[in-house]
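User: I would like to learn how to read a structure feature by feature, with the general idea before each case. Could we begin with how a residue is judged to be covered or open?

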Amino acid sequence: MLPLLRVTKMCWVPSARPYFPPDEIDRILEELRKTLENGALTQGSHVREFEALFARYVGVRHAVAVSNGTAALEIVLRYFDLRGAEVIVPTNTFLASANAVIFAGGAPVFADVEGSWLCLGLEQVTHRLTDRTRGVIVVHIAGMICPETERIRQFCKVRNLFLIEDAAHAHGAQWNGRKAGSLTDAGTFSFYPTKPMTTAEGGMITTDNDALADFARSFRSHGVPPGASVHQALGHNHRMDEVRAVLGISQLRKLEEFLMIRRSVARQYESALKSFEGVATLTPPAGFLHSYYKFPIVLPTPEKRDAVAKALKTRHSIDSGTVYWPPCHLQPVVRARPDIYPLRGTFPMAEDILPRVLCLPIHAQVDRSVADRVVGALKNELEQTHVRC
Ligand SMILES: Cc1ncc(COP(=O)(O)O)c(C=O)c1O
């Protein structure tokens, strides 16, 4: 008799994935049952609890829950009244960081990245400063607090410019014991499903500024402040509902555990990759604690990067990502609309480094064996990929 052919199907490794542990799913369902039965579906006790827990976690006076991370940015930017003003935004970000400036009535002016950590640096900010600059957005790319945040904050303070942290990647990231979202005038978070914690869709504003928090609470609900019944200002519907707040409370309860897993996967990658020729990792400077939303590595050439990404996918069933390629200034809509995205200067650092960045899978369900498989596949492909560096 012919032996049975054993077909071993390789399990797909996604680069990002939300995780709700089974005991949390039970608690969520119980809370949702109560919510559905009592009928308080939006802006109720769960939203208030989620906001209080998030504010305490980040270490700020106020957290205001909203519909998504883009709305969080737009609302903060509207508070600063951008009519006729420019805001400096790193080109290395998700385009939403810049679009929020446009939605709030201003013009996003892109700046190049600082090479070592893919984030904005003070030098890049100074290159884009004009009389119309009203503020700056730093983006904590991949989950590492932008290392120049404090220098940029001091620069902004002297010039009376606002500074916002787009912390959409950086839940729980720290600098000298202080959390992302507590370091500047305001922080904004996204809870999109790929992020370190999720509410499906959702966002949060964090700030110590009472007036900004009041403005946000009114703007997110049609310009009607909490407890009032009349429209006192222009507003929109950017409320978070109770269902999402229930998810958020659960995910926040687990966030530190998720981050421990991400950090241990990162340590495993770091130590294995040390011996890989031509692969650079982005190690956080002293005092910085990464949230590892992504684990970027830098390869010698864009061709090598693309070949390795393709081989990981097709030969090893391993997904990978970018952060970000193409960057904002090369996005088709930005090239096509100079009327809303004023492009100035050049972006040599972003164009050199970003097409060479490959992000390895990292999330709360990557264990040692999955990380070993990723490292093994990467090693194999770096040796096999006959593309000139
Ligand atoms: C850096 C950054 N800013 C803003 C956003 C927008 O968040 P959301 O998709 O929740 O609107 C994202 C989303 O991926 C992001 O990565």
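Analyst: Y292 counts as buried because its relative accessibility is 9%, where buried means under 20% relative accessible area, exposed means over 50%, and partly exposed lies in between, with a 1.4 Å probe and protein chains only. The model is a predicted one, in which local features need pLDDT of at least 70 and side-chain atom pairs count only at pLDDT 80 or more, while totals for chains, interfaces and linings use all residues. Residues are numbered from 1 along each chain as its sequence is written, and side-chain values use heavy atoms, with hydrogens and water left out.

User: Where is Y292 found, and what is phi of this residue near?

Analyst: Y292 is found in the loop between β11 (288-289) and β12 (295-298), where helices (H or I, at least four residues) and strands (E, at least two) are DSSP runs numbered from the N terminus. Most residues other than glycine have a negative phi. Phi of Y292, however, is near 50 degrees, a positive value in a residue other than glycine.

User: What is phi of H222 near, and is H222 buried or partly exposed?

Analyst: Phi of H222 is near 65 degrees, again a positive value in a residue other than glycine. H222 has its place in the loop between α7 (210-219) and α8 (242-273), and because its relative accessible area is 34%, H222 is classed as partly exposed.

User: Which residues does a cis peptide bond join, with omega about -15 degrees?

Analyst: As a general rule, most peptide bonds are trans. In this model a cis peptide bond joins V323 and Y324, with omega about -15 degrees, and Y324 sits in the loop between α9 (302-316) and α10 (332-336). The peptide bond from W325 to P326 is cis as well, with omega near -5 degrees, and P326 is likewise found in the loop between α9 and α10.

User: Let us turn to the ligand. How many residues surround the ligand, and which are the closest?

Analyst: A residue is near a molecule if one of its heavy atoms lies within 4 Å of that molecule. Here 15 residues surround the ligand, and the closest are G69, T70, D166, S190 and K195. By class, this shell divides into five nonpolar, eight polar and two charged residues, where Ala, Val, Leu, Ile, Met, Phe, Trp, Tyr, Cys and Pro count as nonpolar, Asp, Glu, Lys and Arg as charged, and the others, Gly among them, as polar.

User: Which elements give two or more residues to the shell around the ligand?

Analyst: Those elements are α3 (69-79) and α4 (96-103).

User: Where does N92 lie, and which backbone oxygen does its side chain reach?

Analyst: N92 lies in the loop between β2 (86-90) and α4, and it is buried because its relative accessible area is 0%. The side chain of N92 reaches the backbone oxygen of L118 at 3.0 Å.

User: How far apart in sequence and in space are P361 and P296?

Analyst: Distance along the chain and distance in space are read separately. P361 and P296 are 65 residues apart in sequence and 9.5 Å apart in space, C-alpha to C-alpha, whereas the C-alpha atoms of A213 and P147, 66 residues apart along the chain, are separated by 26 Å. P361 is found in the loop between β13 (357-360) and α12 (368-384) and counts as buried because its relative accessibility is 1%. A213 lies in helix α7, and this residue also counts as buried, at 1% relative accessibility.

Methods:
A polar contact is a pair of N or O atoms within 3.5 Å; within protein, one must be able to donate a hydrogen and the other to accept it, and residues adjacent in sequence count only if both atoms are side-chain atoms.
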